[in-house]
Amino acid sequence: MGDFRLGSIFGLEIRIDFSWFIIFFLILWTFTAGIFPANFPGFSPGVYVGMGVAGTLLFFASLLAHEISHSLVARAKGVPVEGITLFVFGGVSRTRTEAEGPGDEFLIAVVGPVSSVVLAALFGLLWWVGRNAGWSAAVTGVAGYVGYLNLALAIFNLLPGFPLDGGRLFRSVVWKLTGNLTRATRIASTGGQWLGYALVGLGIWQIFAANPLGGLWLIFIGWFLRNAAIASYQQLMVKNLLETVRARAVMTESPETVSPELTLQELVDDYFLRRRYMAFPVTEDGRPVGVIAFHQVREVPREEWPRRAVREVMVPANETVMVRPEERMSQVLEKMERSGVRRVLVTRDGGLVGIITAGDITAWLERMRQLEEQ
């Protein structure tokens with residue numbers, strides 16, 4: 001769905017996926033129209049809205065703190081962490097690699113539930129102080145419920161279903177016993193799928209037991225967990241596969257190129273509208289000098305296209321967009337993510353020999369899948 005940058009904490013970039021707003025308003029509505037009026041009667045609608053907003057923001061701040069704890073420990077263990085993205089089901093730390101060993105995996109995973117328990121205790125202390133000091137139930141109610149949610153989050157995350165923290169703890173134990181990360185991930189992922197099915201079944205039972213809202217939440221969460229478990233295992237398999245593959249096996253050889261002196265109007269008329277490609281290498285005297293993508297041209301006002309040259313808009317050729325034929329595809333993927341154009345140029349002795357796009361990788365993986373099915 002896309003995302004945007006919110007800011008940075010401890011050097012970690014915080015991004016919000018647009019899907020996050022779905023869960024934000026669902027929780028806000030649940031707090032404002034259901035939980036707080038039912039448990040703390042007597043307030044005006046405006047107070048309930050204020051309680052709902054405060055409770056929702058504090059809950060997501062708690063989720064962010066949970067993910068930050070994972071990221072800080074991961075970074076301390078040498079795992080590169082680019083940042084954190086909040087999305088429809090909470091948040092996820094964006095790491096480039098897995099932990100180097102089961103011990104590191106265990107520590108990275110366990111710190112999340114520990115942080116949630118600490119937050120639950122802090123909000124519980126705030127609730128206790130407020131009640132004894134005579135604070136309004138509008139304040140103590142929010143503090144107490146956010147504390148309860150953090151405790152529930154810690155307990156839920158400890159369930160042995162990958163990719164929950166409990167599933168990662170389980171994976172670290174299996175990894176330690178077997179010495180095989182792939183096998184451990186497969187076993188933990190299977191556990192995550194079965195846990196997802198169990199939550200869906202429990203949700204259906206809740207619906208028939210006259211708790212439709214709680215039942216729908218359980219079905220929603222269970223189905224997401226099942227899909228996340230499958231996707232996490234597939235991602236690891238792709239990473240392992242690409243770790244053994246070199247750029248030359250995936251690249252498109254001898255790609256069509258454009259001159260840096262072309263105007264954007266000429267580029268659109270003679271290339272983008274007449275070819276199926278969404279980006280072109282830019283070369284000068286046979287040497288790559290950059291990459292120009294269709295989305296970059298679209299960002300320039302149309303009336304400027306006749307007088308703006310490709311050289312002014314392209315991404316210059318540097319280490320971010322250039323790879324060698326013998327580089328591992330895992331490294332290539334990292335560069336593609338950082339390049340901003342999702343493409344890299346394959347060069348040898350300063351000359352362009354190929355290009356790798358997301359489409360090239362997808363097509364190569366599909367061919368490998370078909371070969372394995374024979």
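Modeller: Happy to! Keep in mind that this is a predicted model. Let's begin with the strands.

Biologist: Which residue of E7 stands opposite Val 282?

Modeller: Strand E6 covers residues 279-284, and it pairs with E7 in the antiparallel sense over 6 bridges. Within E7, Thr 283 has Pro 288 as its bridge partner. Opposite Val 282 stands Gly 290.

Biologist: Which residue in the turn between E6 and E7 has a positive phi?

Modeller: E6 and E7 make a hairpin, with 2 residues between them. In that turn, a positive phi of about 55 degrees belongs to Asp 285.

Biologist: And on the E8 side, what is the bridge partner of Val 291?

Modeller: E8 spans residues 315-316 and pairs with E7 over 2 bridges, in the antiparallel sense. The E8 partner of Val 291 is Val 315.

Biologist: Which strands are at the edges of the sheet?

Modeller: The open sheet has 3 strands in the order E6-E7-E8, with antiparallel pairing. Two of them pair on one side only, and these edge strands are E6 and E8.

Biologist: How many of the 7 residues of strand E7 are buried?

Modeller: E7 runs over residues 287-293. Buried here means under 20% relative accessible area. E7 is largely enclosed by the rest of the structure, because the number of its residues that are buried is 5 of the 7.

Biologist: On to the rings. Is the pair of Phe 24 and Phe 60 stacked, edge-to-face or tilted?

Modeller: The whole structure holds 14 aromatic pairs. In this one, the ring centres are 6.1 Å apart and the planes meet at 35 degrees, so the pair is tilted.

Biologist: How many residues apart are Phe 24 and Phe 60?

Modeller: Both of these residues, Phe 24 and Phe 60, are buried. Phe 24 is in helix H1 (residues 20-39) and Phe 60 in helix H2 (residues 45-76), so the pair links distant parts of the chain, 36 residues apart.

Biologist: Phe 36 and Phe 40 form a pair too; which of them is partly exposed?

Modeller: Their rings are tilted, at 6.2 Å centre to centre with 45 degrees between the planes. Phe 36 is buried, at 0% relative accessible area. With 22%, the partly exposed residue is Phe 40.

Biologist: Last one: over which ring does the charged end of Arg 226 sit?

Modeller: The charged end of Arg 226 lies 4.8 Å from the ring centre. That ring belongs to Trp 223.

How values were computed: Residues numbered from 1 in each chain as written. Predicted model: local features only at pLDDT ≥ 70, side-chain atom pairs only at ≥ 80, totals over all residues. Heavy atoms only, no water. Buried < 20%, exposed > 50% of the residue type's maximum accessible area, 1.4 Å probe, protein only. Helix = DSSP H or I, 4+ residues; strand = E, 2+ residues; numbered from the N terminus. Pairing = 2+ DSSP bridges. Phe/Tyr/Trp six-rings, centres within 6.5 Å; stacked < 30°, edge-to-face > 60°. Lys NZ or Arg CZ within 6 Å of the ring centre and 35° of its normal.
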